[in-house]
Amino acid sequence: MEELQPLGMPAYTPVNAPVPEGEVVVERGSTAQQFGPKLNRTAADVVRFLLQQGEMVTATQSLSDDMMELFAAEVGAQLKMVDPGEEQEVQLRGRLGLDLVDDDEDYDSLPLRPPVITVMGHVDHGKTKLLDQIRNTNVVAGEAGGITQHIGAYQVEKGGQSITFIDTPGHEAFTAMRARGAEATDIVVLVVAADDGVMPQTLEAIQHARAAEVPIVVAINKIDRAEADPTRVMQQLSERGLIPEAWGGDTIMVEVSALQNFGVDDLLENLLVVSEVEDLRANATGRATGVVLESNLDIGRGPVATVLVQRGTLKVGDPVVAGAAWGKVRALIDDKGKQVKSVGPSTPVQILGLSEVAEAGDDFIVAPSEKVSREVAQTREHWQRQASLGSVPHIAAGGARLEDVFRHIQAGETATLNLILKADVTGSLEALTESLKKLERDDVKLNFVLRGVGGITKSDIQLAAASNATLIGFNVRPDRKVREISHHEGVEIRTYEIIYNVLEDIENAMLGLLAPEFEEVVTGEAEVREIFRVPKVGSIAGCYVLSGTITRNSKVRFLREGTIIWKGTVSSLRRFKDDAREVNTGYECGIGLSDFQDLKQGDTIETFEDREIPRT
């Protein structure tokens with residue numbers, strides 16, 4: 001039986017013109033107009049062939065990788081697929097001088113630099129607590145569920161020598177962040193709990209360290225516990241190729257108790273010994289280069305990037321470029337929050353002055369001039385935009401909402417779940433994306449309509465409504481006006497502070513197991529208009545109640561431009577000089593918050609309560 005052709009379209013007949021020999025470099029997302037001539041064919045040839053295969057495309061529509069490879073196989077061509085701008089990136093790096101770094105340097109003549117230590121290990125094995133003892137601060141108290149969710153970098157002094165630490169999150173969702181941390185490190189400290197032993201993420205961390213070809217120093221933590229068994233841990237690690245020095249191997253293992261501050265000095269001394277053996281050096285002169293560890297949008301300061309300088313000296317006023325972000329360094333802030341004029345190799349520092357939020361993992365470099373940094377960043381942005389257009393040629397308006405996913409699966413359909421992800425920092429966004437991708441199945445596809453850093457905005461709601469997407473906020477919240485718009489548009493917003501909960505909800509939706517949940521209902525919203533300092537009490541927020549009712553002892557979120565800064569309770573509530581149980585819309589009041597003093601005019605205090613919402 002003769003195969004039917006689309007109306008008005010003759011059958012595709014192969015053209016006899018020879019195709020180019022060898023690999024033909026083709027950018028992902030190319031249109032038929034761009035792709036055809038590279039194989040000595042016209043756009044019409046490509047469109048006609050694809051229509052015959054049942055793919056309705058136009059000459060100006062981006063083609064998928066599969067479409068291009070199908071056509072190439074038909075005409076007998078070999079393709080090499082590259083991301084848009086990949087070839088141009090080589091030229092851009094040449095303009096920045098990255099291809100000349102260290103080529104003409106005598107390594108042995110360079111000055112020594114501090115070692116960069118990455119702390120890795122299984123979740124809850126005490127990595128952050130160990131760093132607390134090292135730098136005498138408390139990170140754990142501020143982390144949701146006691147889990148480190150962002151990369152932090154800190155520098156400490158030991159015996160007159162500096163040591164830089166990178167603290168990487170321990171949950172498996174942050175594998176990509178841990179891998180990136182290992183690439184920027186000289187020595188890995190593997191933290192293993194003496195009472196728990198080697199766990200899956202312990203093995204993962206060992207793999208990252210070996211891939212980065214860096215030495216491993218083991219900190220056997222929690223030896224103060226009654227059930228601690230350091231010998232068992234050493235045996236387990238020996239089975240994985242990490243033989244303790246005490247057993248004739250070459251892996252240093254130090255017994256510590258982060259809780260009781262035991263063995264920490266011994267650990268630092270061993271790190272300095274390993275550092276000396278590694279003979280770590282870097283050129284401290286010239287234009288700085290390094291890597292972006294983390295970045296976020298800070299209210300009042302704009303885009304902030306935490307970078308690790310790896311070579312040269314970074315100074316205030318330097319023109320810098322990091323991926324598609326560029327700018328002039330307005331300020332450098334060290335790990336203790338102090339402004340500094342310049343920093344050298346192996347030093348972590350925050351940069352203020354970038355044009356936008358940089359991508360974690362990007363290289364940064366001081367450009368020859370501000371003009372070059374701007375042009376390079378703008379060129380990269382153009383190609384990144386082309387790449388995103390190519391990977392998502394159109395928004396699937398028919399995508400299912402989270403609530404409807406199981407219904408589509410039961411009907412035997414493939415459900416496409418459109419998601420818009422907003423997070424407080426790029427590291428969380430990256431980790432959340434990678435984790436969600438792992439949940440994809442044959443019958444459930446995830447389409448990321450938008451991924452961004454910062455609060456949930458009106459434009460996010462409009463895009464979610466247009467694309468039928470579920471909006472997920474991680475450590476960010478919509479304000480009252482945005483909530484009203486989302487309710488009007490019928491857009492589902494889900495906010496989370498711990499990544500487990502995001503994955504659990506998405507997975508349960510796929511399984512049809514979305515049980516009755518507790519919804520956080522906003523009961524009141526007040527704007528901070530004045531700050532009062534009261535002796536022996538601290539800061540009191542002079543507020544105007546914008547909506548609802550503010551009630552004493554109610555749960556509260558403290559928001560700065562839509563980003564959650566703090567959560568706690570309303571510890572005191574006053575109208576003028578009198579204590580009040582509640583204050584309604586349109587009235588002024590004084591609000592005292594439990595354990596929070598960083599108040600600023602314009603901040604939002606949002607009270608809420610949990611109400612059970614049965615599923616339908």
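Visitor: Where does D279 lie?
Guide: D279 lies in the loop that links α9 (264-278) to β9 (289-298). Please bear in mind that this is a predicted model.

Visitor: What is the phi of D279?
Guide: Phi of D279 is near 55°, which is a positive value in a residue other than glycine.

Visitor: Let us turn to the whole chain. How many helices and strands are there?
Guide: The chain has 15 helices and 29 strands.

Visitor: What share of the residues is buried?
Guide: Of the 616 residues in the chain, 50% are buried. The accessible surface comes to about 29,100 Å², and carbon and sulfur atoms account for 48% of that surface.

Visitor: And what about contacts across the sequence?
Guide: Taking contacts between residues at least 6 apart in sequence, 71% join residues at least 24 apart.

Visitor: Which residues are on each side of β7?
Guide: I216, V218 and I220 are on one side, and V217, A219 and N221 are on the other. Both faces are covered. In a regular strand, side chains alternate between the two faces of the sheet.

Visitor: How many bridges join β6 to β7?
Guide: Six bridges join β6 to β7, and the two strands run parallel. One of the bridge pairs is A193 with N221 of β7.

Visitor: What about the pairing with β8?
Guide: β7 and β8 also pair in the parallel sense, over three bridges. V218 has M253 of β8 as its bridge partner.

Visitor: How does the chain cross from β7 to β8?
Guide: The chain passes through α8 on the way from β7 to β8, and this β-α-β crossover is right-handed. β6, α7 and β7 likewise make a right-handed β-α-β unit.

Visitor: Which residues of α8 are buried?
Guide: In α8 (residues 230-239), the buried residues are P230, V233, M234, Q236, L237 and S238. An α-helix has 3.6 residues a turn, so residues three or four places apart point the same way.

Visitor: What do the buried residues of α8 pack against?
Guide: They pack against β6 (187-193), α7 (200-211), β7 (216-221) and β8 (253-255). Just after α8, G241 takes a positive phi of about 95°.

Visitor: A different place now. Where is P345 found?
Guide: P345 is found in the loop between β15 (342-343) and β16 (347-354). P345 is buried, with a relative accessible area of 11%.

Visitor: Which residues is P345 in contact with?
Guide: Leaving aside neighbours within four places in sequence, P345 is in contact with R113, P114, A282, N283, A284, V309, Q310, R311 and G312. P345 and L112 are 233 residues apart in sequence, while their C-alpha atoms are 9.4 Å apart in space.

Visitor: And L50?
Guide: L50 belongs to helix α2 (residues 43-52) and counts as buried, at 0% relative accessibility. Not counting residues up to four places away in sequence, L50 touches E55, V57, L63 and M67. The C-alpha atoms of L50 and M67 are separated by 7.3 Å, and these residues are 17 apart along the chain.

Notes. Residues are numbered from 1 along each chain as its sequence is written. This is a predicted model: local features need pLDDT of at least 70, side-chain atom pairs count only at pLDDT 80 or more; totals for chains, interfaces and linings use all residues. Side-chain values use heavy atoms; hydrogens and water are left out. Buried means under 20% relative accessible area, exposed over 50%, partly exposed in between (1.4 Å probe, protein chains only). Helices (H or I, at least four residues) and strands (E, at least two) are DSSP runs, numbered from the N terminus. Contact means heavy atoms within 4.5 Å. Two strands pair if DSSP finds at least two bridges between them. A crossover is right-handed if, with the strands pointing away from the viewer, the path from the first strand over the helix to the second runs clockwise. Accessible areas come from the Shrake-Rupley method with a 1.4 Å probe; for residues, only the protein chains shown count as cover.
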